[in-house]
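Please look over the sequence and the coordinates shown here before reading the report on them.

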Amino acid sequence: MKRTRWYKDAVFYQIWPRSFKDGNGDGMGDLYGVCEKLDYIKSLGVDGIWFSPLYPSPGADCGYDISNYMDIAPEFGGMPAFQKMLEGAHARGLKVIMDLVVNHTSDEHEWFQKSRRRIDPYTDYYIWRPARPDGKLPNNWDSMFEGKAWQWDEVRQEYYLHLFAIKQPDLNMDNPLVRQEVIRILRFWLEMGVDGFREDVITFISKQDGLPDAMIPAMRGIFRYNFGPHLHEYLQQFRREALDDYDCVTIAECALITPEKALEFVEEKDDSELDMVIQFDCMSADCLFTDYVPMPFSLHRLKNAFSSWQKKLEGRAWNMLYLENHDHPRVLSRYGSERFRLASGKMLCAMYLFQKGTPFIYQGQEIGMTNWLPDSVELYEDVQTIHHREHLPEDQRLRLYHRASRDSARTPVQWSAEKNAGFTTGTPWFFINPNYLEINVAAEEANPDSILHFYRKAISLRKQLKAVRDGVYRDYDLLSGRFYVYAMEEKLQRVLVICSFSSRVQHFKAPKGYDLSKGRLVLKNYGDRLDGNGFHAMPYEVRVYVFE
Ligand code: GLC
Ligand code: CA
């Protein structure tokens with residue numbers, strides 16, 4: 001089928017179902033809650049929803065450990081609630097995208113239960129290895145979440161590979177039967193009417209032939225198993241045998257990917273393997289590769305990340321734009337400033353929303369939610385967090401978790417100042433950020449000057465500005481340590497975005513070729529005073545000018 005690439009005009013909203021909205025009072029977010037809020041989602045001006053996993057799951061990794069790919073978890077309302085939601089979304093013109101998690105399953109999936117008992121055809125669905133005669137593990141790889149990448153299975157009397165948690169055994173994608181299962185899963189949801197997939201850690205699905213040891217300790221983790229030898233071949237097969245029959249979108253999570261490498265997957269051709277990649281450069285302005293190796297925030301790193309993806313994909317492939325998701329702490333607390341919450345929340349919004357690509361907004365981002373910071377390590381629940389540096393003294397661990405934990409961004413959405421932030425009438429499954437009394441959707445709705453209304457305005461503007469979709473990105477003043485300034489430039493229209501990352505007043509001077517007095521100031525978070533061809537920028541000030 002011809003790909004219309006409809007996603008180029010879309011803005012997506014990400015729902016992490018457990019914490020979005022509880023509709024039946026059991027304390028856990030669900031699809032009844034989503035149905036209640038479809039009008040709210042639509043009111044943002046977005047065009048689609050990406051759902052983090054909704055499938056049945058024991059919850060060892062909050063749904064990323066799936067025990068049945070062709071069903072919806074009963075706690076989210078099961079298939080009837082999903083179908084109702086899908087209809088409701090489509091009736092409002094909202095697309096629906098599912099999370100495809102096929103690097104691993106839950107150890108409670110029927111396939112694994114049969115595989116560990118060597119029941120065919122499941123015997124080779126996973127990556128099993130006998131113990132070595134010297135008693136060592138099959139190889140020296142580390143998992144992402146829980147120690148070594150191998151777990152002994154008493155039933156089968158062999159080790160299985162798990163690149164994530166122990167309860168997430170890796171599928172053996174080299175087995176053609178497993179690839180047929182993936183194809184069945186894709187077709188099942190596409191036939192039901194979903195509009196595409198976000199593909200979880202897809203660059204891990206093909207393992208090095210022979211699973212060789214890593215020679216140096218730094219290579220025992222992700223560097224060893226990213227971008228395996230058959231990755232392209234498998235993605236091409238999924239496209240040929242499933243995706244190509246539908247006008248759907250695929251967005252692939254790709255750790256440690258560069259724009260050059262991304263082009264191998266997303267360069268626009270009739271048979272490109274994927275439509276967009278989720279890169280991590282934009283999340284690494286204050287850390288090294290992972291949130292768990294913190295560094296001071298660097299505006300240069302942030303600008304370089306955005307600029308290089310914009311420039312290197314220009315005319316060849318399409319960007320996926322984001323600042324938050326369920327895997328990172330809240331961006332306002334990282335790149336912005338909680339002290340200047342209102343200003344910095346708006347600045348960050350405009351900073352990425354006017355770039356070329358398809359923007360994603362994570363639940364709560366649109367109201368400027370900030371990090372949840374508990375006072376004890378005991379309160380963390382995320383499997384990635386709790387096993388990180390378990391041996392460190394508690395105060396050091398707490399400091400690190402405050403900087404890095406995904407739980408910071410997984411607290412329930414703050415709907416109102418009512419009990420439990422209006423998230424549930426029951427007992428919430430997880431902690432609610434105590435700042436819900438001030439930060440919540442109802443308060444944001446009531447304040448015309450809020451971050452929420454700013455998002456609505458920015459999204460609607462973005463759609464009206466031809467230069468944002470069809471123009472060419474150009475950065476100005478890349479060396480400045482205070483401002484991020486870029487423009488989207490097209491024949492008849494230029495959009496100039498000026499973002500201050502400083503908590504002090506700083507003078508801004510317009511770049512050559514731009515006379516601010518001739519531009520239309522279409523979006524701002526302070527006043528509009530000019531001072532020559534520039535202005536005194538307030539803390540975290542942002543201005544968007546249009547020239548035509
Ligand atoms: C992806 C998901 C993350 C999950 C991991 C393992 O990175 O976004 O939440 O823990 O994959 O499935
Ligand atoms: Ca519920």
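## Basis of the model

The model is predicted, and local features need pLDDT of at least 70, side-chain atom pairs count only at pLDDT 80 or more, while totals for chains, interfaces and linings use all residues. Residues are numbered from 1 along each chain as its sequence is written, chains are lettered from A and ligands numbered from 1 in the order in which they are written, and side-chain values use heavy atoms, with hydrogens and water left out.

## An antiparallel sheet

Helices (H or I, at least four residues) and strands (E, at least two) are DSSP runs numbered from the N terminus, and two strands pair if DSSP finds at least two bridges between them. In these terms, 3 strands form an open sheet with antiparallel pairing, in the order β4-β6-β5. Because β4 (128–129) and β5 (150–153) stand at the edges with a single partner strand each, one side of each is left without a neighbour in the sheet.

Strand β6 (residues 158–161) pairs with β5 in the antiparallel sense over 4 bridges, and Trp150 stands opposite Leu161 in β6. The two strands β5 and β6 form a hairpin with 4 residues between them, and in the turn Gln157 has a positive phi of about 60°.

## Enclosed cavities

A cavity is, on a 1 Å grid over the protein atoms alone, a set of points where a 1.4 Å probe fits but cannot get out, and its lining residues have an atom within 4 Å of a point. Grid points are joined across faces, edges and corners, and a volume is the space filled by probe spheres set on the points. The count by this rule is 5 cavities of 30 Å³ or more.

The largest cavity holds about 80 Å³ of space, and its lining residues include Trp16, Arg18, Tyr55, Cys62, Glu75 and Phe76. With Ala, Val, Leu, Ile, Met, Phe, Trp, Tyr, Cys and Pro counted as nonpolar, Asp, Glu, Lys and Arg as charged, and the others, Gly among them, as polar, this lining of the largest cavity has 7 nonpolar, 3 polar and 2 charged residues. The second largest cavity holds about 60 Å³, and the residues of its lining divide into 5 nonpolar, 3 polar and 1 charged; among them are Glu324, Val331, Leu348, Met369 and Tyr455. The elements that give two or more residues to the lining of the second largest cavity are α10 (331–334) and α11 (341–353).

## Two buried loop residues

Tyr514 lies in the loop between β17 (506–509) and β18 (520–524). Since buried means under 20% relative accessible area, exposed over 50% and partly exposed in between (1.4 Å probe, protein chains only), Tyr514 counts as buried at 2% relative accessibility. Leaving aside neighbours within four places in sequence, Tyr514 is in contact (heavy atoms within 4.5 Å) with residues including Tyr476, Arg494, Leu496 and Phe547.

A polar contact is a pair of N or O atoms within 3.5 Å; within protein, one must be able to donate a hydrogen and the other to accept it, and residues adjacent in sequence count only if both atoms are side-chain atoms. The side chain of Tyr514 makes such a polar contact with the side chain of Glu489 (2.7 Å). Ser416, in the loop between α13 (394–404) and α14 (441–446), is buried, with a relative accessible area of 9%, and the side chain of Ser416 reaches the backbone nitrogen of Glu418 at 3.1 Å.

Conventions
On a 1 Å grid over the protein atoms alone, a cavity is a set of points where a 1.4 Å probe fits but cannot get out, and a pocket is an open set with protein on both sides within 12 Å along at least five of seven lines; lining residues have an atom within 4 Å of a point.
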